[in-house]
Amino acid sequence: MGRIVAVTGNDAVAEALRQIEPDVCAAYPITPQTDLMQRFANFVSDGKVQTELVLVESEHSAMSACIGASAAGGRVATATCGPGLALMWEMLFVASGLRLPIIMPVVNRALSAPINIHGDHSDAMGARDSGWIQLWSENAQEAYDNTIQAFRIGEHMDVRLPVMICMDGFIISHSIERIEYLEDKEVKDFIGEFKPLNPFLDIEHPKSIGPLILPDLYHEFKRAQHEAMTKVKDVVLTVAEDFEKLSGRRYGLFDPYRLQDAEIAIVILNSAAGTSKDVIDEFRGRGVKAGLLKPRLFRPFPYEEVAQALRHLKAVAVLDRADSFGGYGPLFTEVASSLYPLREKPIMINKIYGLGGRDFMPQHAEVVINELVEITKRGRIETIKEYIGVRE
Amino acid sequence: MATQPLRLKELSKKEDLFTYGHRMCAGCGTPIIVKIVLLASDYPVIACSPTGCLEVSSCISQYTAWKIPWIHSAFENAAATIAGVESMYKALKRRGKIDKEIKFVVFGGDGGTYDIGFQSLSGAMERGHDMLYICYDNGAYMNCLSTSSLIMTKDGIKKITEVKEGDDIYAFDQKTYQLVLKKCTGVFDNGIKDVYELETLHHSIKATVNHPFLVLKRNGRGRQNTFVWKMLKEIKIGDEVVTLKNLDGGKSAKFNFTKVKNGDNNEINIPESSSPDLMKYLGIYLGNDWARPKKGEVRFALPQKTKAREVIMNLHAKIFGNGIRADKDYVYINSVNLANFIDSLGFGECANDKKVPGWVFTLPKEEKEGFIQGLMLSDSYRVGKSCRYVSASEDLLKTLRLLLQTTDYRVGKIHCQTKKKGTKCVKRTLPKDSQYGYICFNKRCRSKTDKYLSQFLVKNKYFDTEKVKSIKLVGREPTLDLRVDGEHNFIADGIVVHNTGIQRSSATPYGADTTTCPAGSVIPGKLQQRKDLTRIMAAHNIPYVAQAAPSHWLDLMKKVRKAFEIKGPKFMNVLSPCNRGWRSRTDDAVLLSRLAVDTCYWPLYEVENGVTRITFKPKEKKPIVDFLRPQGRFRHLFEPQNEWMLKEIQEEIDKEWKLLQKCSVAEEKEAKPEDE
Amino acid sequence: MKPKGWRELPLGGVILEAGNAVEFKTGGWRAFRPVWNEENCIQCLFCWLYCPDMAVIVNDGKMEGFNYEYCKGCGICALECPGRKGQKAIVMIEEGK
């Protein structure tokens, strides 16, 4: 089995990248991703990896170079967060449209304005339509594990799509936790040799990439892309199975915590889920049948599975660490869509929390669970969407 | 590496790595540059292009003209994309997976290089990737309508292929929302492109995806609605486009007809100008029959006891005098003069090629009405509340539809029907299945304007808005575009459209006229000097920077070869004449390139490791006007009030050339003849 | 080329047949066509070099004529032709004449 260390989230992901050793890495620094790439750059300078590290002049160029490199026919990774992800937004769609398995850890950071360097989910949520697969990580261990699995998932021949692995900026990226690393050889064997598809550098068989497509064909291309997305769920589960054999750690499409016999539950992503789980335990101790659902695969969203997991509940609070101004939070919208086809479904409320790195404390979770209890008694709600933890 | 000699006879044996079948305009300089560069290389080349003329025309739908590996990802990042490819190449080479020597090249336009692409170019050069960036510089961002489009001009409607520079064209005044007349300042052939049909309830037009239309933007209750230009690809079903519903009252047409001297019914009186009666007569004529000038015969197929026959007999007597005969089914006039006269009016000869000639659109309202009534009497019939007009001539239906739309009628779209063989048609039976079309129309009623307040232009005399019902790909057709002075729009098939343009980039030369810095009455074109990108790239301290031109092919090829032997980032700026944007002749791309070099507008030099060297000195330095004169985009500079600009331009060129000669190393090569 | 259904599309739109633009004949764009007068030709090959559409046929180093399936009739070849003794080897005549 692997080594046990105490490292930060950024360290852990950098280590994962070192063990995987992509052929090309093009990145641009941005807090709080910076020391992830710095650590990786150290590996390159010390000759620990043979990766071609391209220190580009902007995130847009980072994704562009990744696209060129991935099309050329090799394993490619990069990392970014917040406004950096926003800057490369145009190229995210190009990467998925060209079906290139680029892997990108995203250290979730708030978007400007006002400029804020701390953690919330607005960056990756803003990119949810880009055709990238999204895996969300509660802690550094999950981030490390997800990064390794992401390569297998994205490179799978039924899929061939880029993957982003999300972890909370500063909260996870800069906090030290206990991590279990796998052995270098185990990781290399797990992800295997990169199999290029239509490698561009194969000059014996020249090809043209990125043609202009007109309305008579574009619709069909996107249908094909949609089809690839429908295959992802099964691949994620298969890869998770293999990973469990390797590491002993089990992963699925989401993490159901004390959900089976629950009456009320919270649906929440990333690190705040960890905080909430403790609160759930506390309430259970008092006899309240509370549970939690922590999504892991957000894109493609596993609608049927989430619906099955939540259908028996009386009330559900979906907590979003990002807002869609003028609408409901993105996670709420997905959960509501998954429950919609059911005749009997739980009452749902939406809470916006923790924007711009605002701490999510156990008391906030308590307030939410208490409200859920109230709702099940009264059988109705006052407001669907509310900001919690905000000073009036 | 053993290199092939740079001799045309040897080079001609090489395979074409950029094939024919690409869709760049006829006479474009860019494919010449790509060809010359690829011929010069003895190494395998991998290319990347940013979004631009070359990219869009060379790789479209599922066709590609590239026989080498080629990639495009976006507009501003060609340098970053190829940097990624080059990095992967290095990584795989190190792992022993690749052993070939490959050269990485970008072919980027000046838009994607000087402007939006500058950042990624600068970054890639600074990082030292082993790549050659070639900018094909045509000095602007260089889009069209199907050649079947009918344009509203002062002389009536014309097919877009018949419109000439200097014609007066109707346009939409974007400040007053009224109809104005503007001069056409150019006609452009854009080649065969994918064409889409945009249909509203009463209008339809065929255009390419990037053709801008004037669309109503509703800004909400209590706010003024505005008009915005939207490209066809951005228009959604339900968007409201601006259409023409009325033309200005016109004048009666004057006829210049001389009678044939000898033979025939000289008592026939040919009128000198049009009148409502004559137009009614012609309306009936158009519907029903033919004139055979050679035989001297005019005939109407109007059976006895029809209203139309009664009318035609009366009108003939009123206008022409006598000479009309009739039998059971037909009405005849035997007159060479009359036959010639009618033939000269342009209504067409037989059933299949009839049309409403352009001059009818310039007539006053009563005369147009008369014409329409004549038509209704002859070949139309009532269906419910509206009239239906049937014809075998598509041109006739199209032109008639436009005429009706601009005379206060509401017209539907052109429907097709097939009349089977054997159907009785007047007195004949059809020998085979025939294609017919028909349109339905009725008078526009004076509606209560309050009810239609949502129709923004309802009180406007000339224009209306109509919702877009569908946009469909209809095929590939030859396309054309017009440039219209001032308003930069015109009316095609009854819909207001923009002239596409040629927008300025930072590479656009001083004084040039483009659509985003037009030569107007106050500001004479672009007032900024163009960016000297070659020197900016030299300041990056990269090993090799050069300026070249396609006319001097040997110089260009030598530079490419030199660049490929150098490791590291290289940049070349190559002049690419564009007859569309430069408004020059289709055949003078190479000539203009030569003039650019000979006038020292585009000096040929290289900077190798910081040392500048002029690689071609013109035998005789020509004045800059020689380069400017053949180009329409500089035409306004030759007006007397802009003479000062010509002087400024010449002074700037002289200054730059002197400076370049000063920094250039003494090994200047003498002007060599380019042919062997 | 027949438009494809979504299942038949290549992954990511990549075009695997390099240079298949040759299936698209641009000869129909012409309003003028070049005509070769062999007696005035000095075989300089400038027409071949400067043709933007690779429509000048050269075999074994010798110019042999034009590929009218692709020639767009731009006229560069005619303008650049040096000819022999002041007489051009390429002239442009109206298409259809």
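My entries cover one chain by itself and then two interfaces.

**Ground rules.** I am working with a predicted model, where local features need pLDDT of at least 70 and side-chain atom pairs count only at pLDDT 80 or more, while totals for chains, interfaces and linings use all residues. Residues are numbered from 1 along each chain as its sequence is written, chains are lettered from A and ligands numbered from 1 in the order in which they are written, and side-chain values use heavy atoms, leaving out hydrogens and water.

**Chain A by itself.** I found 14 helices and 16 strands in chain A; these are DSSP runs (helices H or I, at least four residues; strands E, at least two), numbered from the N terminus. Of its 392 residues, 60% are buried, meaning under 20% relative accessible area with a 1.4 Å probe, protein chains only. I then looked at contacts (heavy atoms within 4.5 Å). Among those in chain A between residues at least 6 apart in sequence, 82% join residues at least 24 apart. The accessible surface of chain A is about 14,900 Å², with 52% belonging to carbon and sulfur atoms; the Shrake-Rupley method with a 1.4 Å probe gives such areas.

**Chain A with chain C.** Here 17 residues of chain A touch twelve residues of chain C. Together they bury about 1,300 Å², 73% of it on carbon and sulfur atoms; buried area is the accessible area (1.4 Å probe) that two parts lose on being put together, summed over both. On chain A's side, strand S9 (208–209) and helix H9 (218–230) each give two or more residues, and H9(A) has the largest share, with five.

**Chain C with chain B.** How many residues does each chain bring to this contact? Chain C brings 38 and chain B brings 46. The buried area is about 3,700 Å², 66% of it from carbon and sulfur atoms. I found one salt bridge, joining the side chains of Arg594(B) and Glu80(C) at 2.6 Å, N to O. There are 16 residue pairs in polar contact, both at pLDDT 80 or more. On chain C's side, helix H1 (46–50) and helix H2 (76–80) each give two or more residues, and H1(C) gives the most, with four.

Notes. Salt bridge = Lys/Arg side-chain N within 4 Å of Asp/Glu carboxyl O. Polar contact = N/O pair within 3.5 Å; in protein donor to acceptor, adjacent residues only side chain to side chain. Buried < 20%, exposed > 50% of the residue type's maximum accessible area, 1.4 Å probe, protein only.
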